Amino acid sequence: MTKPPRTPSKPLLGEAKAPIRSRPRQRRDPAQPNLPLDPMPAHIEPCLALLKVRPPKGDDWGYEIKWDGYRLSVHIEPTGIRILTRGGHDWTHRFPAIKLAAMWLPVGSAILDGEAVVLDEQGRSDFGLLQQSLGGRGGKKMSSDAIFMAFDLLYFDGHDLRNSELSMRRQLLEDLVPAGEQGDIRLSEKVDADGDTLLRIACEHGLEGIIAKRLDAPYTSGRLGDWVKVKCIQSDSFVIVGYERSTVARAGIGRLLLAAGKGKKLVYVGGVGTGFNERNARELREKLDSLITSTPAAVVGRKGAIFVKPKLIAEIEYRAWTHDGKLRHASYKGLREKQDQAAVFDLSLARP
């Protein structure tokens, strides 16, 4: 839980031995111009990272660790704190520790862009642990384990910063959320290393990957290439279109059947039979059984398959693609929330 600021090492002005008095307040000069203030946006569509095989090179790029959680924005407003998903849904009530930490930040108004994560024992973000802390997909639990890794500052004390360069936004963010702090809002630190070196180190430590950001770029909503992600292990979102039963597997799920998008169609890309624990397998089976249909959403061609309506989106970790377009060495990580608006892997945009 976030703690109040520690006692300052130097006395405050009002605590000094000799009383300190301010000078009388002067009338404002009518000729003095008012400083323009920007209206605070109610919601900002996030800047998204473009997937690349190798990190970009050059002094105009900065590098960070890629976090595996839920993309959120923390709005510090005159009326209180709001925590929004990237689709604009209000999840303030689900992250009470992050809300409290935001209340202690020394700023009147701000919008922080970042990721809610739960860290494992090695300090790595774990999407499965985050899902468990929130009660699974569609769960209503509050997560006291989640922390917010802040990596951008979009609005600051009455000023919209989106047209400013990233390097300037980061400087203000680091003043607001200092590096090394271990509270419930932490800085996603910029790492002083070239992209190839950082990627190698990240992969050696079992992290998901890295993010490269153009330092001189403004903040632009969408996936335009100013931010680039490079993954150690591939992880993408796929639609569950069915499952196969098992008499020995947990909750009777032997294999989930997955599909990717291709235009307006869904295309079967294989299945996943690992990554479940007893709890999430049981919850998943209940959701699947409520969606059973006789009409397959994709051409699967597997005997004994039980088809479901394409309502559930799973985050899947995998090593590669087979020559016939199927996932290789796939592992289930968890279900994506509807409010998270996870983008389903699109075969027409990314060739396996």
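Biologist: Does Arg 71 count as buried or exposed?

Modeller: This is a predicted model, in which local features need pLDDT of at least 70, side-chain atom pairs count only at pLDDT 80 or more, and totals for chains, interfaces and linings use all residues. Residues are numbered from 1 along each chain as its sequence is written, and side-chain values use heavy atoms, with hydrogens and water left out. Buried means under 20% relative accessible area, exposed over 50%, and partly exposed in between (1.4 Å probe, protein chains only). Arg 71 counts as buried, at 10% relative accessibility.

Biologist: Which side chain meets Arg 71 in a salt bridge?

Modeller: Side chains of opposite charge can pair when their charged atoms come close. A salt bridge is a side-chain nitrogen of Lys or Arg within 4 Å of a carboxyl oxygen of Asp or Glu. Here Asp 113 meets Arg 71 at 2.8 Å, N to O. Asp 113 is buried as well, at 3%.

Biologist: How many salt bridges does this rule give?

Modeller: The count comes to 20. One of them joins Arg 170 to Glu 64 at 3.6 Å, N to O. Arg 170 lies in helix α3 (residues 166-176) and Glu 64 in strand β2 (residues 61-65), 106 residues apart; helices (H or I, at least four residues) and strands (E, at least two) are DSSP runs, numbered from the N terminus.

Biologist: Is Glu 64 buried or exposed?

Modeller: Glu 64 is buried, with a relative accessible area of 4%, and Arg 170 is buried at 5%.
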